[in-house]
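Hi,

Here is the structure for you to look at. My notes on it follow below.

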Amino acid sequence: MKIQTLAIICTIFLISSCATNPVTGRSQLNTIPEETLFPQSFAIYNETLSKEKISTNAHYNQQVKRVGKRIQAAVEKFFNDINRLEALKNYRWEYKVVENKELNAWCLPGGKVAFYTGILPICQDDQGIAVVMGHEIAHAIANHGAERMSQSGLISGIGQLGGEALGVSGMNSNTQNLILQAYGVGSQVGILSYSRKHESEADEMGLLFMALAGYDPAAAPAFWKRMAAANSSASPPEFLSTHPHSSTRIADLNAMLPIAEQVYISKSIEPYFKAKSK
Ligand SMILES: [Zn+2]
């Protein structure tokens with residue numbers, strides 16, 4: 001796409017669409033406003049979970065909820081500290097555990113989280129869950145799925161999503177599938193797997209969110225090593241199909257660790273912004 005064309009599109013959707021990532025500062029094109037996306041996301045969450053078996057494992061449910069609420073509180077504090085708490089006003093946070101052996105977890109737009117029981121043994125403990133929770137919430141906070149749908153050209157803009165009735169019953173099944181794929185939900189290998197850029201950004205933000213929530217970010221490279229080991233002993237699970245792992249990821253996380261540890265110890269994002277401004 002030509003720069004001029006992109007500039008025109010940005011101008012058209014200026015108010016709702018040219019967003020800046022609050023953590024990394026990256027500018028992104030997003031043609032799907034949350035007034036349109038969130039109600040559909042909430043409906044899809046309920047619909048998807050109604051087809052799954054919700055886990056009755058009290059330990060898992062408590063763990064996922066406990067870690068989720070701590071990460072959520074850290075995200076809210078972060079947005080409050082940068083005077084952008086308003087950006088979270090339409091979030092309806094929810095944390096569910098699904099009885100499913102797949103190594104998967106996801107967060108739909110507006111804070112709708114699901115963990116599959118298959119990934120929890122690899123998480124091992126609260127720290128490990130915090131790695132995945134921080135990473136998935138980061139994808140949602142950064143609107144990666146919406147950005148991918150916008151970029152892919154599969155959704156041409158506000159009209160296509162906004163023109164449809166809200167709620168699953170009135171929703172075009174293509175749109176529904178697109179949202180599911182864009183956020184890594186389901187057993188189908190997504191045609192819109194997260195790009196390396198989105199993965200790096202989610203890793204970076206996730207590391208900071210977990211550190212701000214009081215979880216040692218050193219758990220992140222350790223978790224991804226366990227995921228890599230689990231992957232080598234089985235056919236690639238969905239989570240890895242949409243979240244490609246590599247030794248680069250682990251090396252990148254290790255490189256970010258000194259700053260993330262400072263955030264963890266000081267309970268403040270300042271060391272990160274300070275390092276970034278250098
Ligand atoms: Zn990811």
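Contacts first: take those in the chain between residues at least 6 apart in sequence, and 72% of them join residues at least 24 apart. Keep in mind that this is a predicted model. The chain has 278 residues, and 41% of them count as buried. Its secondary structure comprises 14 helices and five strands.

Three strands form an open sheet in the order 3-5-4, and the pairing is mixed. Which strands stand at the edges? They are strand 3 (94-98) and strand 4 (105-108). Each has a single partner strand, so one side of each lacks a neighbour in the sheet. From one strand to the next, the twist averages 15°.

Look at strand 4 and strand 5 (residues 112-116) next. They pair in the antiparallel sense, over four bridges. Trp 106 is a handy place to start, standing opposite Ala 114 in strand 5.

Two helices to check against the sheet:

- Helix 4 (residues 58-81) packs on the sheet and touches strand 3 and strand 5. The direction of helix 4 makes about 150° with that of strand 3.
- Helix 6 (residues 126-141) also packs on the sheet, where it touches strand 4 and strand 5. The direction of helix 6 makes about 30° with that of strand 4.

Best wishes

Methods
Residues numbered from 1 in each chain as written. Predicted model: local features only at pLDDT ≥ 70, side-chain atom pairs only at ≥ 80, totals over all residues. Pairing = 2+ DSSP bridges. Axes fitted to C-alpha atoms, helices over the stretch in contact; angles between N-to-C directions. Contact = placed C-beta atoms within 7 Å. Buried ≥ 20, exposed ≤ 12 C-beta atoms within 10 Å, placed from the backbone.
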